Amino acid sequence: MNSNNPLIGRDIVSISDLSGAEIRAVLDQARHFEQRLKDAPMIPLLNGRILATVFYEPSTRTRLSFESAMHRLGGAVISVAEAKTSSSAAKGESIYDSGRMLESYADVIVQRHPAVGSARALAEAAGVPVINAGDGTGEHPTQALLDLYTIEREKGTLDGLTVVMMGDLKHGRTVHSLAKALAHWKTKLILCAPRALAMPGDLIAYLRNQGLIVIETENMSAALAQADVVYVTRIQQERFETVEEYMRYKGVYVLTEQAVRAAKPGVVIMHPLPRVDEISTDVDALPNAAYFRQARYGVFVRMALLAMVLGAV
Amino acid sequence: MNSNNPLIGRDIVSISDLSGAEIRAVLDQARHFEQRLKDAPMIPLLNGRILATVFYEPSTRTRLSFESAMHRLGGAVISVAEAKTSSSAAKGESIYDSGRMLESYADVIVQRHPAVGSARALAEAAGVPVINAGDGTGEHPTQALLDLYTIEREKGTLDGLTVVMMGDLKHGRTVHSLAKALAHWKTKLILCAPRALAMPGDLIAYLRNQGLIVIETENMSAALAQADVVYVTRIQQERFETVEEYMRYKGVYVLTEQAVRAAKPGVVIMHPLPRVDEISTDVDALPNAAYFRQARYGVFVRMALLAMVLGAV
Amino acid sequence: MNSNNPLIGRDIVSISDLSGAEIRAVLDQARHFEQRLKDAPMIPLLNGRILATVFYEPSTRTRLSFESAMHRLGGAVISVAEAKTSSSAAKGESIYDSGRMLESYADVIVQRHPAVGSARALAEAAGVPVINAGDGTGEHPTQALLDLYTIEREKGTLDGLTVVMMGDLKHGRTVHSLAKALAHWKTKLILCAPRALAMPGDLIAYLRNQGLIVIETENMSAALAQADVVYVTRIQQERFETVEEYMRYKGVYVLTEQAVRAAKPGVVIMHPLPRVDEISTDVDALPNAAYFRQARYGVFVRMALLAMVLGAV
């Protein structure tokens, strides 16, 4: 343990719980782990420690990312991959009781749950650190951290960038969390979405209040022309009230190879994945396509969080 | 290995398979592990050994408890968390063939299965130790062992105690197994249940024959007044023949903070969990509430069993 | 690492990808591991390495076999046991994107998928070795390798044997892969199946072209009389066009103790398991019954493959 680890014993429920300095510490620790993994498949800082992954809705990507991170640190994993059907939840067990149970079995808990606030409830119950892996339309703080890591890793800095967010900015918790996190740096944010899927007004007001420059537009090519980073999210049909409205937007916010080539040369394309068709597969081969690297970076960031909350660094 | 381990290579199918001395050895080993885990996150006695957890009905708590125990001993786990749908059971594989398969993949097997007798069938097939994690309305021996451990840990002894069991004493395999185990000690057993959910007469006769004092009552407050330990189980609606009968009892056998305060000062409240509403949440904060500690103790007891049947102690 | 490992970094998609010399190397490595496991529960060659098992259709046996193999080598496992429902597949993620994701989380991937060609698609996407654990009616190369290992282990050689395959030879990918593999040795193959479930003509032509002697018959006892090895597969009702046709064959190709006793004394009985009723349980006690040993051998063969593709030997 060292005095530069501000996260010992902490829960990671919301990106807003972390100061800029704390986020900085996570990103630096992640970078350190990435470097060390070039020489060894594992860094055995968490030997004998146990992570519980508890997923009330499926998210293979997030679950495997955390489990891989734990194993890369030499730790063990116990898992409830489909907590809705297979756990005591079916017998009416409360989040509180679940937390009191899990603290007996694991040293740290990662939970995905469909209800906003469920991560906070678990954190209050459990005597071990809880990391929120998504709670409904609420928060997904580790996604925001790995997004920041990706931007810095790809652009060399987090300062002074123009970040375009496009797609469904209303429901996407990843863009909400990332936007809040970016407020710690001097960022220009361009929000490019159908009006029906615009980022909520109170969040935009909050971001502006935090010092971000925020611009809204429906014009994708104008937005792309200025972008250092483009963060694409999926537009899901079920988010629209009518099929007609969905059909109007379907295919409009699709990033093609041509569109990327028309943007700034070093533009970085990100996506929280899974991707459906909002990024053409011909973009994959461009050096700008960072979304698969982004998944890999996520392991380093989650290693940093696990090692830090468990006081192993 | 030492000569004090009577369980090397043994199956743990029924609490009745274990003598008082063998139960004593398990409890002592569990206590030893609990002490050692204060100084280290893991005791690497089972490095390189593999546990298979095979659950034909969900029991997240029991599964995670065993898996945590195995990891705390440095072992590995392979798991079929939802054996009904995901295993060869769907193709009609017999318990026998399953046992012959699992012995090739694991050094010890933990099985939960809805059919009474299935644990014995597996134990007869498999050439490695089998631990029964519940077989229908049959046995759940490791629960009985952790219940004994909890009583001794909380009260300092197992001798001369008055234990109240309340709730559904007809179907609850946990109370059946625990009652049988308590027959090794001088215990007074007070059974507090609706008549329709009373403990089976032949079991009561067996317990009395073993030397236990057994008293039956429907009066909760009279029972509580004498209790050193109160073991609460859930009353499930589906156990009653009519809704009317269920409604008569629902809410009658509910342990409240007031009821606990009216009992003996050091009374220990236990529950196999998950709890629904048969213990008010305001009891949780009382020092008497042992049910969450009980879950933690379960890990030490299961560590003891795994290490002992595998001959690692 | 040594220069005798021809599989470093390789994908194992089809048995046809492997030369006779490469198959020889796998079998020798497996035998070496079997020997070493007599003295230790684990051979820690893959410490810090991560295997991802991704199963889009259930196959508990194959999944557990691979996971056991990985643990026996000291490695860790992350798993999607029911990929159909629990993964991003439900959100329309492609095999390509899945591969790009998994390469970030694991050092080697084992996939079972119902679609022919899916293993090749994953192997082309992922930057880490992919092992095909069955793709529809396509290939199941590790089953073929463990079948070869079983034959050699039980008979002392792979040369000059008469192998009878009986049951459903039309759909069974295990017999297809094994037959192709046997073409590397001087084998006489007797195919014993209902006409409707005969081995495809083009495959038979291929095998003959490779130098195998192939004989087709519907007469089980004639076939058994010549057999050094009998490989039994299950006849599934859903493979027949009418119930009447199924009823005609059901019970015909059933191997009984009497039939085994009438065959050559050292005849080896194999089955890919799970077995339903095509081998009577009274055969289990005969020394000829190799099918449960076959499951155990599978762990050694999969250890060999994992260690070899990861360059650990």
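Tutor: Quick ground rule: two residues are in contact if their C-beta atoms, placed from the backbone, lie within 7 Å. And keep in mind that we're looking at a predicted model.

Student: Got it. How many residues does the contact take from chain A, and how many from chain B?

Tutor: Count each side on its own. Chain B puts in 21 residues, and for chain A the number is 22 residues.

Student: Which helix of chain B gives the largest share of the side that touches chain A?

Tutor: Two helices of chain B, H2 (60-72) and H12 (291-309), each supply at least two residues to that side. The largest share is seven residues, and the helix they come from is H2(B).

Student: And by class, how many residues on that side of chain B are nonpolar?

Tutor: Set aside the four polar and five charged residues. On the side of chain B that touches chain A, the nonpolar count is 12.

Student: What kind of axis relates chains B and C?

Tutor: Chain B can be laid on chain C by a turn of 120 degrees, with a shift of 0.0 Å along the axis and an RMSD of 0.0 Å. The two copies are therefore related as by a three-fold rotation axis.

Student: Which residue of chain B has the C-alpha nearest the axis?

Tutor: Look for a C-alpha 4.9 Å from the axis. In chain B, that nearest one belongs to B:Ala76.

Student: Over in chain C, how many residues of H2(C) are buried?

Tutor: Helix H2 of chain C covers residues 60-72, so to speak, and has 13 residues. H2(C) is mostly covered, with a buried count of 13 of 13.

Student: Back to chain B: which strands are the edges of the open sheet?

Tutor: Five strands line up in the order S7-S6-S5-S8-S9, with parallel pairing. An edge strand pairs on one side only, and in chain B the edge strands are S7 (213-217) and S9 (268-270).

Student: In S9(B), which residue is the bridge partner of B:Tyr231?

Tutor: Strand S8 (residues 229-232) of chain B runs parallel to S9(B), and three bridges join them. In S9(B), the partner of B:Tyr231 is B:Met270.

Student: Last one: is A:Ala193 buried or exposed?

Tutor: A:Ala193 is in the loop between strand S6 (188-192) and helix H8 (201-209) of chain A. Residues that A:Ala193 touches include A:Met166, A:Leu169 and A:Met199. A residue needs 20 or more other C-beta atoms within 10 Å to be buried. A:Ala193 has 25 C-beta neighbours inside 10 Å, so A:Ala193 counts as buried.

Terms used: Residues numbered from 1 in each chain as written. Chains lettered and ligands numbered in written order. Predicted model: local features only at pLDDT ≥ 70, side-chain atom pairs only at ≥ 80, totals over all residues. Helix = DSSP H or I, 4+ residues; strand = E, 2+ residues; numbered from the N terminus. Nonpolar A, V, L, I, M, F, W, Y, C, P; charged D, E, K, R; others polar. Least-squares fit on C-alpha atoms with pLDDT ≥ 70 in both. Expected span 1.5 Å × (residues − 1). Buried ≥ 20, exposed ≤ 12 C-beta atoms within 10 Å, placed from the backbone. Pairing = 2+ DSSP bridges. Lists of a residue's contacts leave out its neighbours within four places in sequence.
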